[in-house]
Each structure stands twice: as C-alpha cells, then as structure tokens.
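Here are some exercises to work through with the model open beside you. Try each one before reading its solution.

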Amino acid sequence: MATTSHETHEHDVIVIGAGGAGLRAAIEAAAQGASVGLICKSLLGKAHTVMAEGGIAAALGNVWPEDNWQVHFRDTMRGGKMLNNWRMAQLHAQEAPDRVLELERWGALFDRTKDGRILQRDFGGHRYARLAHVGDRTGLEMIRTLQYHGIHQGIDVYMECNVQRLLKDGDRVCGAVGYWRKDGEIVVFKSKAVVLATGGIGKAWKVTSNSWEYTGDGHSLALWAGADLIDMEFVQFHPTHMVWPLSVAGLLVTEGVRGDGGTLKNNKGERFMFNYIPEFFKAETADNIEEADRWYTDKKNNRRTPDLLPRDEVARAITAEVKAGRGSPHGGVFLDICTRRPADYIRKRLPSMYHQFKELAGVDITREPMEVGPAQHYVMGGVRVDADSTASTVPGLFAAGECAGGMHGANRLGGNSLSDLVVFGRRAGLHAALYAKNFGGQLAVDRGQVESAARDLLEPLERSGSENPYTIQADLQQSMHTLVGIIRNEADLKQALAKLEVLKERAKKVRVEGGRTYNPGWHTALDLKSLLTVAECSAVAALERKESRGGHTRDDHPYTDDQWGKVNVVLRLRNGALQVSREPLPEMPEDLKALFKERQ
Amino acid sequence: MATTFTLRLFRGDAKGGTFRDYPVESEEGMVVLDLVHRVQASQAPDLACRWNCKAGKCGSCSAEVNGQPRLMCMTRMDLFQPGETISIAPIRTFPIIRDLVTDVSYNYVKAKQVPPLRLKPPEADGTYRMMQEDIDRIQEFHKCIECFLCQDVCHVIRDHEEKKTSFAGPRFFIKIAGLDMHPLDTVDRSRFMKDAAGIGLCNITKCCTEVCPEHIHITDNGIIPLKERLADEMDPVVWLLRKFRGVKPKTNA
Ligand SMILES: Cc1cc2nc3c(=O)[nH]c(=O)nc-3n(C[C@H](O)[C@H](O)[C@H](O)COP(=O)(O)OP(=O)(O)OC[C@H]3O[C@@H](n4cnc5c(N)ncnc54)[C@H](O)[C@@H]3O)c2cc1C
Ligand code: SF4
Ligand code: SF4
Ligand code: FES
C-alpha cells in the first residue's frame, strides 16, 4: 500500500478524552509546564460528564460536620463490596473536598447552604448528605467550569478527532493515531506520555444511559497496547431510568429523586425496598417506614431508608418485583415523589427531571409517580493503574476517570464518579507530565504501525462486503442485554461469547457507503472493534468470577464468596490471545482496616 | 401505534446539496432525532448529524426543523400531523460540513476571547462564602448547554459575515454576564464588551431568547443589564455600586 499522507502533532503529553477526567488531567499537565494536546471525539464540552445530574461526593462536612474522609472512605469500600483498590479509595476520599473547592474557585456555582457554604445532598450508600450539586445538572456545571478554565491554560484542543490506536516504541507508549471526523484525514500524535480518559463502555448494551461515544475505546486502546484491565465483570445497572415511552427508555432518573424524598413502590402501592435489605447493610438500614421517613431530617437517631441502598441492591430488587408481577404497566416500578414533597420543592430541587418527564413522557412528576427501571449506566472495570500515579502497566500510559479500574470495586456509589474524575484526573496529568519531564531518551514513531492503523481505518470504505455497521451494533447490544445483563449464568455467558465470535467475523465484512467526510456509518464501523473488545472482556470476566458481588450477579453462584473477595479478575492480551487470571488485591493496612470494625 | 412520516433531509456538503425525502415510521413518544437515527440505520448510513445525550443536555443536535431552530432530541413527533413531511436542515448561520453538521468553530474562538474569572482574596478563614440569592441569577446563565441556537438566529451573525470578527453573540453575552455578576469576580470587562464582543451591535430583537431551549432570559437578564452597565462605564463608582448591589433578575417562567 502506498504511504498514507497524514499530519503529525507533537506534545509532551496527550490526553485522550475531554470529560471531567481528561480536562482536569490536561489542566494539571499544563500547570506542570508540559506541552499538552487534548483530544476528544465530540465537540469540546459535550462529553458524557455533561450529563451527570445528582452531584459530586466530597466529605466537606458542610451539612453534617460529623462527616470526614474516613467515613467517605468506609462508605466507598462498603459500597464496592470491599473489592476496591483501598489506596485509590483513600486518596479519593481525602482529596475530593479540595478538588470541589478548586472547582468553585474556577467559577463553579454549587447550590448553597443558609450560611453561604456549598450545600450537600443525600445519595445512596453515603452515610451523610455529601453530594455537592447544582440542582440536577451538576455535570454541566463541572464540565463548563473545567472547559472555560482549561481554554486559558495553553492546551491545544483537537475536537472531533477519534483516536484508533496507540503507538509504541519498544515497551513504551509514544503517541497515537486517529482520524478527523470532519474530513476523515489521518492524524498522528507523537508524545512522551498518554493519558486515557475516554469514559465507559455502555454502548455494548441495548438499554443504557450512555451515548454513542461509550464504545470502550480507552479500555481497548490500553488492552491492545499491552496494559492490564481489571474488574471488567462489574457493570453498574443503575436502578432508575425512564421505561416509557420506548424512545426514551434508558434515560436516567437521578438518584437525587430518592435523596430528596422520593420512594419506590410496586403496583400494590407497597414500599417494597423494606423487603430487600441484605444482611450486609441491616445494621444501618431502617426496617420500618416511620424510621426511614424520620431519617431525612434526623440522621443521628435513625437509620437510612432502604430506598437509598447501593445501586446494585436496588436494581436487583426492582428486577425481582417486576418478575413477580408487581411491576408498573410498562415493565418498571413506580417512583413517587409527588405525594411526599410539595410541587415547588420538586421543581426547585429537580428541575431537569421535571422538564424531562414533562416534555418527553407527558408526565407531571409533581402530580403523578414516575415509571422507572434499571439500565446499564457505568462500568467499574477498567485499566489497571497504580493508585498514586494512575500509571498503567505500560510505561508512559496513564488512565483516569471511568476508563480506569479499581477505585469503585464491585459497585460505584452515586456521586463518586465526578469526584473520581477530578481527583485522579489531576493525578494523571501531574504524573504524566513528570514522567515526560524525566524521560531522557528519544522516542521514534514507527512508520509500520501508522501504516497498519491507517489501513484498518480505510478498509470498511474500500472492501467488498455486505454487512451494515448499525445492524451489527444492534445485534451486539441485544446479545449483551439478554446474556450479560443484570443477572448472569454460565450457559448464557458461554452463549454470549459464541455470539461475539460470530459478530467479530461479521464485523470483518462491514462495508460502508459514502466517503470520508463526516460519515457516521464509517465511524460506527470503526467503533465496532473496540465495542466488540470490551463486550468480550466483560463476558469473559463475568464467566470467570463464580460468585455474586456488587455489579455482578450470577444466579448459578448466588452468594458472595470470601475467597473471591481477595482477588481481581485481570485480563491481558498476549500474542493476540486474551488471557484471564485472578490476582490478589492490594492488602489494606491495619489502621484502615480498623475503620470497618467500629460500631456504625 | 406506528405512523409514517416523510423526513425531507438536507444532503450535501460545502459545495452544495439538495433535500431528499425518506419515509420513516415513528412510534409513540419518539422525537425527531429517533427518526433521523432510523434513516441512518436503514436507508442512509452515511447521513451526518451530531448528537450525544438524547436528553436536551449536551446541545449537540441543533437543526432547523421545518425552518425552526430546535434540538432534534427534544422535538416530539406528536407535534406534527401523521403523514406530514418534515424538513430538516442544518443550522443556517454556520458553514456546512456535511448534511446536518455545521462548522461551529466560530463559537469556540469567541469563547476563548472572554476574559476569565479572577477572584478576590478569600475571607480571613481562607474560604469563600456566597449566598444563594446572590448566585440565583448567574445559575440561570450557567444552564446554557451551548447548542448555539441563539447564535444561529442572531441577525448580526447570520446576516453580516463582516461583523463576525467583532461580535461575540448572545451565548457569550450571557457568559460575560455570568462572570460579571459573579459575587467574587474582580475583572472589568467593559472595554472587551464594547470592542471585541460588540454588544453595541445588538438591538435587542430578542430572537435569541425565543429559541433558547433552556429558557434562559438572555436579553432581559443578561444583555440589557450589561448594556446598562456599559452606559455607566464612564463612572467607575456607579459600576462598582451596581456590581455589588446587584441587579434583580427576572425569574424563570
Ligand atoms: C446520565 C448520567 C448521569 C450521571 N450522573 C452522575 C452523578 O450525578 N454523579 C456522578 O458522580 N457520576 C454520574 N454519572 C457518571 C459520570 O457522569 C461518568 O462516569 C463520568 O462523567 C465519566 O467521565 P470521564 O471523564 O471518565 O469520561 P467522559 O466525560 O465520558 O469523557 C470521555 C471523553 O473521551 C472522548 N473519547 C472517547 N473515546 C475517544 C476516542 N477514541 N478518541 C478521542 N476521544 C475519545 C470523548 O469524546 C469524551 O471527550 C452519570 C452518568 C450518566 C450517563
Ligand atoms: S437580542 Fe441581540 S443578541 Fe439576541 S438575537 Fe437580537 S441582536 Fe442578537
Ligand atoms: S443560551 Fe440558550 S440558545 Fe444560546 S447556546 Fe445557550 S442554551 Fe443554546
Ligand atoms: S443530543 Fe444532546 S441536546 Fe440533543
């Protein structure tokens, strides 16, 4: 093949992804004096972070002075069923308050307490009201703040540029290859360090709150470059999404609704969550309605409402109610805030929810209950990183945000992602810049790697074949939905893997119409490769873990098993084959262990 | 119940193009963007359009639907008569890249020109306090999802290519207003507002406010107070007083 022409950009650090994690990383790397390129596949400011609603978790102690990092740490670990990387959870809890205050100094306007501090709201699994928020559009506030701060820091931004492959020089990462969406031209980035901040993998499922961007690109780029992935079996199905009308099925209904007093009911009007309190959370969960309702205003003397159990528990409970025939007309359950809070309060606290139901479903949530059900929302698994530096197992490659693994263990608590983004985004930018500064050697971009990436890129436009990329994507989503969903078992998972093999073959025959100018058919075809990769990783890891824990439930292994609580499932590519292993979790030091022995 | 509509979609690029008709079925609760996706999946895989959230939160899917600037993901099909032909064109003011996708880089250039926040020193205890009533009005501006529909309809940008260099547009007037009314900010942006942002070119037609999907009172709460402040700019004492006394915003409908 003739040598492809392409443009090249050189930086000390490139950051792939411009959501909360990527923006924060780029800002920090620039502050360290590095030359930074920030790459994103949508326009700047449109990343998934913009959709986050409920808030950002940080033990500021503004509403409950009793709150501190130890309590936040403990909640996070317990929510993650103790499978979290303890050091990440510790750093996260310790540094989140500073990161929130920093956002405020950069212009973010969080809702206020009466004395002018940042107000905090209740969320599932958090012992105290802990989420700094702006109504129910916290992610928008966060991304605009970082975006408008970032554009004045001398960062070069490459928008609508899709990275397809990382480049390596020996063991080290030395850049990336991608294409411009606007004209399909190939672009090469040469850099000493690469930060992955590409977000999640939700597009592998049929019903998801995630956008077209969530095709697991960062996970795949890392895997292909030789890095380890961990915890890929842990996928969060958030319990409350719209189920009706069909076209909006999967649109998130923020946990803030329950944090602000909303409660789940079945078609008999029962608050069924009281029937699903697991042993693990019994001591801290109210077992009667009166106590649960008192808890909203008096947290000292009452235990929390089971409506706010961690997400995996609530999602399973809803699934069980629907299965038992106690669901709502469109296959969900009811979420009622209208009988519990005044209309004004609802409109002020949950403006987007009010708007969303009114405009898209014709439902006035100040008068009627919502119909809600679970959908894929978040992936806990991701690139295995060193807690302090976010370095992956490949030199020069760093990862932060949803595409990094370890922080959330088997299940993420609401609000802990936005804080994760800024805590580890900052660390990624810092350590990538330091790595680049200290790296004395020369890096060379290998022509052959660029050529091969370019060939793969252009193939779907050139080959003869009859497969439609959208059809393959839809078939993949259907398989994952039915076979690798909330409740799994060995037979289904094996069937899923067999189907994925067939889909991989079909994907090789995808042919797209049209040219290279802004061609979504072509883009969808190219994203199939990473989508299939993460789907397989998730299914393989789910098959490996023979227990139920957090965001991984096996009906053939319904119990949590202590032995499995000591290991991560690790995936890596060696000689083109996906290898699975179980590797021990880092051991938590005694002083932190002691936090779990205290009376709650 | 499925109903069939005809989408009359602009197909073309910078060199030119035409409208083409695509019959497509709609089911209960669907929005225009769903139908565009259906066309993509079955009839025109290379149909270019932008979207991300499908929930009116990211501001990516702006287009002109039957001539009206709108978010495709928030435009419900039951707004139309069954069987109707619905035309969908790219937003008019910005150069076409392909089909429904336009080059909105103008907005990113303007964004960068706005002088950023510079905070006053913290209180004695090292922290800042802000009262909810002092930030209510700015929180309204912060609802902006950067769909650029207001930029699209503003005649100064739409009809006067030559003014683009010296005019920021309504999106950035409320950006400036948000910074300017920030209780902790210390920057005087009046020179910028007048010269680089060209606020004087705005003649308060309110077209921007009418199309804003976030129902931000762009003119009443943003542009007009800024213009009033500029009128006082010769008198820095008045400016300071106004800044710290605050201007009462109109509340959202
Ligand atoms: C509806 C919704 C509500 C949520 N609410 C909350 C909440 O209230 N609190 C909370 O803590 N969490 C919440 N979450 C989760 C949280 O928003 C996400 O986990 C988080 O925003 C992910 O941020 P990120 O920086 O990792 O990635 P993102 O913000 O998704 O950014 C990813 C970036 O990577 C880029 N990218 C991806 N692939 C490529 C590629 N191949 N080439 C170039 N660029 C690429 C994208 O363009 C984008 O810029 C919510 C999630 C959803 C979906
Ligand atoms: S009011 Fe001003 S900014 Fe808004 S559309 Fe009219 S001229 Fe443009
Ligand atoms: S002000 Fe309104 S119309 Fe203008 S960009 Fe923002 S959200 Fe869109
Ligand atoms: S897709 Fe995000 S606003 Fe329409």
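Predicted model: local features only at pLDDT ≥ 70, side-chain atom pairs only at ≥ 80, totals over all residues.

Two strands pair if DSSP finds at least two bridges between them; strands (E, at least two residues) and helices (H or I, at least four) are DSSP runs, numbered from the N terminus. Residues are numbered from 1 along each chain as its sequence is written, chains are lettered from A and ligands numbered from 1 in the order in which they are written, and side-chain values use heavy atoms, with hydrogens and water left out.

**Exercise 1.** Work out which strand order the open sheet of 3 strands in chain A has.

*Solution.* Start with strand 3 of chain A: 2 bridges join it to strand 5 (residues 131-132) of chain A, and the two run antiparallel. One bridge to look up is Ile56(A), whose partner in strand 5 of chain A is Ala132(A). Next, find the edges: strand 3 (56-57) and strand 4 (120-121) of chain A each pair on one side only. Put together, the order is 3-5-4, with antiparallel pairing.

**Exercise 2.** Find how helix 13 (residues 469-483) and helix 15 (residues 520-544) of chain A pack.

*Solution.* Take the axes, lines fitted to C-alpha atoms over the stretch in contact, with angles from 0 to 180 degrees between N-to-C directions. The angle comes to about 25°, and the axes are 9 Å apart. That makes helix 13 of chain A roughly parallel to helix 15 of chain A (under 35 degrees counts as roughly parallel, over 145 as roughly antiparallel, 65 to 115 as roughly perpendicular and the rest as oblique). Now list contacts (heavy atoms within 4.5 Å): among them are Leu476(A) and Met480(A) from helix 13 of chain A, and Leu528(A) and Leu532(A) from helix 15 of chain A. Sorted by class, the contact residues give 11 nonpolar, 4 polar and no charged (Ala, Val, Leu, Ile, Met, Phe, Trp, Tyr, Cys and Pro count as nonpolar, Asp, Glu, Lys and Arg as charged, the others, Gly among them, as polar).

**Exercise 3.** Do likewise for helix 5 (residues 217-224) and helix 15 of chain A.

*Solution.* Here the angle is about 80°, with axes 9 Å apart. Helix 5 and helix 15 of chain A are therefore roughly perpendicular. Helix 5 of chain A brings residues including Asp217(A) and Trp224(A), and helix 15 of chain A residues including Asp527(A) and Lys529(A). The tally is 4 nonpolar, 4 polar and 3 charged.
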